[in-house]
Amino acid sequence: MLHIAIMGFGTVGAGVAEVVRMNAASIAEKTGEEVNVKYILDVRDFPDSPYADKMIKDFAILESDPEVEVVVESIGGAKVALEFTRRALQAGKHVVTSNKELVATHGKELLSIAKARGVNYLFEASVGGGIPVLRPLFEDLSANQIEEIVGILNGTTNYILTRMVKGGVSFADALKEAQSKGYAEADPTADVEGIDAGRKICILSNLAWGKEVLPQSISMEGISAIHLQDVDIAAKAGYRIKLLGRALRLPDGRQTAYVAPHLVPENCPIAVVDDVFNGIIIRGNAVGDVMFYGRGAGDLPTASAVMSDVLDAAAHRQNRRDIGWNESAEITPAGEIPMKWYLRGSFSSEDAKTLCGEVEVLSSGAVITGALTEAQTKDAAEKLGAAAMLRVL
Ligand code: NDP
Ligand code: HSE
């Protein structure tokens, strides 16, 4: 019997309890071991819950119970979750989390405590919700040199964009819908302003290249500055606008990561990823492009990823998974790497050509430049009086 404790009985924590309940028999059959949720820690009261007899408020109870082998952290944030994770690892328990803020900001420290204590610290659910992407990255793609990771990493913003563009729903209403479905962060600013996707691209980058990239060292832009006019122009010209997280390692060794809205050509598989779904492309030098697709948020999808880690931790009780990252990466600001840009304004395409070189004309007053740095593009945009400037994948 594998005894686990869940910390935080919200969307994810309740989803974990439900997956354990609904798939108890098949999990036991596959792993040869039954899973028992022994404790659920939360600050709230759940008197009518079928789990009422398991609810605790004092972390020390699960910390000091030697029967509890795996602790699921789904509280969120980097305060109490950090303290409880440190203590659970120090107590010799495996910890599994969906908390990307904690992994992105304190992962290095927590992984080193886990190593010292001989336990696992696993976080598949911290990126891509239910999509298995971290384990394939550090396990199945380990024979590759990773060149690029790019994708839709936030379910809430992709849901909002889809509802606005395809459903004609307002931004505020679409955000409310995402919140009611349990997709959004406690403070949805983290979703809307690209911070959540930024934490996720840092985790992906850390695993791909083994060097720590902290969220505060990369540029993060969200969806609040996207105009529906640009969505329309882009669509007519064969592009979709998507919020992407992107991490690159260039042949000259420079490394960058950032989050920003992009025009994505409609023949790119990411372009058709809608609703709460995420789509992540990883390019390896042997395999080429591999794409991961699935639900990026929500209770049961995220719980699926959490439980995969719970079972993986149990399978690696003796032979712990040695994952981690070391010294800080040297990050080249994304703006210094030449990329294509979309500009829209009331300028002529001739003026755009004069300032930007060859351009693809999308419509009157809307062009895509060749590869330019951000500074070069801003300079041209200013001279053209452009009203919109977006990256192009
Ligand atoms: P919720 O807010 O739904 O759940 C968190 C729960 O923890 C709440 O019940 C909260 O109570 C409780 N809590 C707060 N403080 C404490 C404390 N000190 N001790 C015990 N319990 C506490 O969050 P989610 O389930 O949505 O998210 C949890 C984590 O998973 C976050 O890091 C999030 O980013 C991540 N995540 C979420 C996904 C999703 O689809 N929702 C998907 C993937 C990852 P109260 O409400 O009173 O604060
Ligand atoms: N708020 C996050 C999202 C949850 O919408 O993607 C999943 O990490």
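Author: Glu212 forms a salt bridge with Lys108, and their closest N and O atoms are 3.7 Å apart. The term salt bridge denotes a side-chain nitrogen of Lys or Arg within 4 Å of a carboxyl oxygen of Asp or Glu. The model is a predicted one, in which local features need pLDDT of at least 70 and side-chain atom pairs count only at pLDDT 80 or more, while totals for chains, interfaces and linings use all residues. Residues are numbered from 1 along each chain as its sequence is written, chains are lettered from A and ligands numbered from 1 in the order in which they are written, and side-chain values use heavy atoms, with hydrogens and water left out.

Across the interface of domain 1 and domain 2, the rule finds six salt bridges. Seven residue pairs, both members at pLDDT 80 or more, are in polar contact across this interface; such a contact is a pair of N or O atoms within 3.5 Å, where, within protein, one must be able to donate a hydrogen and the other to accept it, and residues adjacent in sequence count only if both atoms are side-chain atoms. Helix H5 (residues 100-117) supplies six residues, the largest share of the side of domain 1 that touches domain 2; helices are DSSP runs of H or I with at least four residues, strands are runs of E with at least two, and both are numbered from the N terminus. That side of domain 1 comprises 10 nonpolar, eight polar and six charged residues. Here Ala, Val, Leu, Ile, Met, Phe, Trp, Tyr, Cys and Pro count as nonpolar, Asp, Glu, Lys and Arg as charged, and the others, Gly among them, as polar.

The chain is divided into domain 1 (2-133 + 300-327), domain 2 (136-295 + 330-334) and domain 3 (338-392), with bounds from an automatic or database domain assignment. Domain 1 gives 24 residues to the contact and domain 2 gives 26, contact meaning heavy atoms within 4.5 Å. The C-alpha centres of these two domains lie 26 Å apart. About 2200 Å² is buried between them, 65% of it from carbon and sulfur atoms; buried area is the accessible area (1.4 Å probe) that two parts lose on being put together, summed over both.

As for the surroundings, six strands form an open sheet in the order E3-E2-E1-E4-E5-E6, with parallel pairing. Strands E3 (55-56) and E6 (121-122) stand at the edges with a single partner strand each, so one side of each lacks a neighbour in the sheet. Two strands pair if DSSP finds at least two bridges between them.
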